[in-house]
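Hello,

Here is the structure I promised to pass on to you.

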Amino acid sequence: LDTMTPLRQNMRKAAAGGFINATDCADYLVSKGLPFRDAYKATGELVALCISKGTTLEELPLEEYKNICSMFDDGVYEAINLDKCVNDRTSLGGPAPKNVLGQVKRVRELNK
């Protein structure tokens, strides 16, 4: 770790390309009243579309979202923002910075 150099842009690109925000996309539709099974299906179609076009959910134009489900609006981009997705994962073991720092502290205490 002392000699490691994190490449933030590469990490962000890998996260976006891995569609870690797909669950958040489905949850967004559920929050608008769509049953989860339908939201899951629509999100799966969006992910497949992104893969075929070589893009990410964050870069996909709103028209493409609306072609799959008319319930989408501009709010989807806030819901699928990668920073928000990470920061909202606050359960034990989640990637929110507060959680990660808590785990680092816990491990350091164990190693004393």
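Let me start with Tyr 65, which counts as buried because its relative accessibility is 0% (buried means under 20% relative accessible area, exposed over 50%, partly exposed in between, with a 1.4 Å probe and protein chains only). Please keep in mind that this is a predicted model, where local features need pLDDT of at least 70, side-chain atom pairs count only at pLDDT 80 or more, and totals for chains, interfaces and linings use all residues. Residues are numbered from 1 along each chain as its sequence is written, and side-chain values use heavy atoms, with hydrogens and water left out.

Phe 72 is buried too, at a relative accessible area of 1%. Its contacts (heavy atoms within 4.5 Å), leaving aside neighbours within four places in sequence, include Cys 25, Leu 46 and Tyr 65.

Now for the rings. The structure has four aromatic pairs; rings of Phe, Tyr and Trp (its six-membered ring) pair if their centres lie within 6.5 Å, and planes under 30 degrees apart count as stacked, over 60 as edge-to-face and the rest as tilted. For Tyr 65 and Phe 72, the centres are 4.8 Å apart and the planes at 65°, so this pair is edge-to-face. Tyr 65 and Tyr 77 also make an edge-to-face pair, because their centres are 5.7 Å apart and their planes at 80°. Tyr 77 itself counts as partly exposed, at 26% relative accessibility. Together, Tyr 28, Tyr 65, Phe 72 and Tyr 77 form one aromatic cluster.

Happy exploring!
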